[in-house]
Amino acid sequence: MSQETETYDLLEASSMKWLTFNRATLQLADIDFFSLLCDECTNCSGGGICSDNKCECNSGVYGSNCEFDLSCGELSESKERKPFFGNNTTPFNITDASYNISSHDRPVFYRVNDGKIFDVIVFDGRRWVLTRANYVEGMDQVTFLKKVVDSFGDLTIEYAPTYLSSPITYGSSSDNGTPKFISWFDATMLTLTYEVDASSSVDTEFNKSDTCD
């Protein structure tokens, strides 16, 4: 909720202090970052079409204005840094367009380890989240990935974050639609939520896949 205001224009309240209900303390708490923008699609950055005032992006293109062309489809860990999980340097795949899976207009990346463990990267609106999830037997891959992605929107801890990225501000130079070339930190658990452990940065990062031009 925003602070008290007499305006009827929601956008005028975007720069005001906004509050959220902290389920751990059962009290209102300040939101450390809040952004409210009006996206009126025109040419959708040349990467899609405008339909009902919303951009419908072409395959491999993401963003509220189709500003992120991610047609490469792969994401690799830097060879100059340590891998996130042991010696596993298998590239992450971007979810196929037919899966219809995204998060905050950003793609979802994943890789499969031995057919039973999924490493999944999701954007939560402020940070990229990397989690390791055990595959649910009998569930098809698309349904399982949607289950993992949705878990970050309903305040569950079924799929706990292992790593959290540095914050991403919409429209900034760090907002390139992918988790490339940004800092990562261990995730630490608080009551009913997870936060960045600022004292525990991770010596690894993602960059462009070797298979991309």
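User: In this predicted model, are Phe-123 and Trp-128 buried or exposed?

Analyst: Both Phe-123 and Trp-128 are buried.

User: How is a pair of aromatic rings described?

Analyst: The description uses the distance of the centres and the angle of the planes. The count here comes to 10 aromatic pairs. In one of them, the ring centres of Phe-118 and Tyr-135 are 5.6 Å apart with the planes at 20°, so this pair is stacked.

User: Where in the chain do Phe-118 and Tyr-135 lie?

Analyst: Phe-118 belongs to strand E10 (residues 117–123), while Tyr-135 is in the loop between strand E11 (128–134) and helix H1 (141–150), so the pair ties together parts 17 residues apart in sequence. Phe-118 has 2% relative accessibility and counts as buried; Tyr-135 has 22% and counts as partly exposed.

User: Why is the pair of Phe-123 and Trp-128 tilted?

Analyst: The planes of Phe-123 and Trp-128 stand at 50°, with the centres 5.1 Å apart, so the pair is tilted. Stacked would need planes under 30 degrees apart, and edge-to-face over 60.

User: Which residues form one aromatic cluster?

Analyst: Tyr-110, Phe-118, Tyr-135, Phe-144 and Tyr-159 do. Separately, Arg-132 has its charged end over the ring of Phe-85, 3.9 Å from the ring centre.

User: What shows where empty space is left?

Analyst: A probe the size of a water molecule, rolled over the atoms, shows this. In this model, the second largest pocket has a volume of about 450 Å³. Its lining has 21 residues, with Cys-57, Val-61, Tyr-62, Asn-100 and Ser-102 nearest the centre. Seven lining residues are nonpolar, nine polar and five charged. Strand E4 supplies the largest share, four residues.

Terms used:
Residues numbered from 1 in each chain as written. Predicted model: local features only at pLDDT ≥ 70, side-chain atom pairs only at ≥ 80, totals over all residues. Heavy atoms only, no water. 1 Å grid on protein atoms, 1.4 Å probe; cavity = no way out; pocket = protein on both sides within 12 Å on 5 of 7 lines; lining within 4 Å. Points joined across faces, edges and corners; volume = space filled by probe spheres on them. Helix = DSSP H or I, 4+ residues; strand = E, 2+ residues; numbered from the N terminus. Nonpolar A, V, L, I, M, F, W, Y, C, P; charged D, E, K, R; others polar. Phe/Tyr/Trp six-rings, centres within 6.5 Å; stacked < 30°, edge-to-face > 60°. Buried < 20%, exposed > 50% of the residue type's maximum accessible area, 1.4 Å probe, protein only. Lys NZ or Arg CZ within 6 Å of the ring centre and 35° of its normal.
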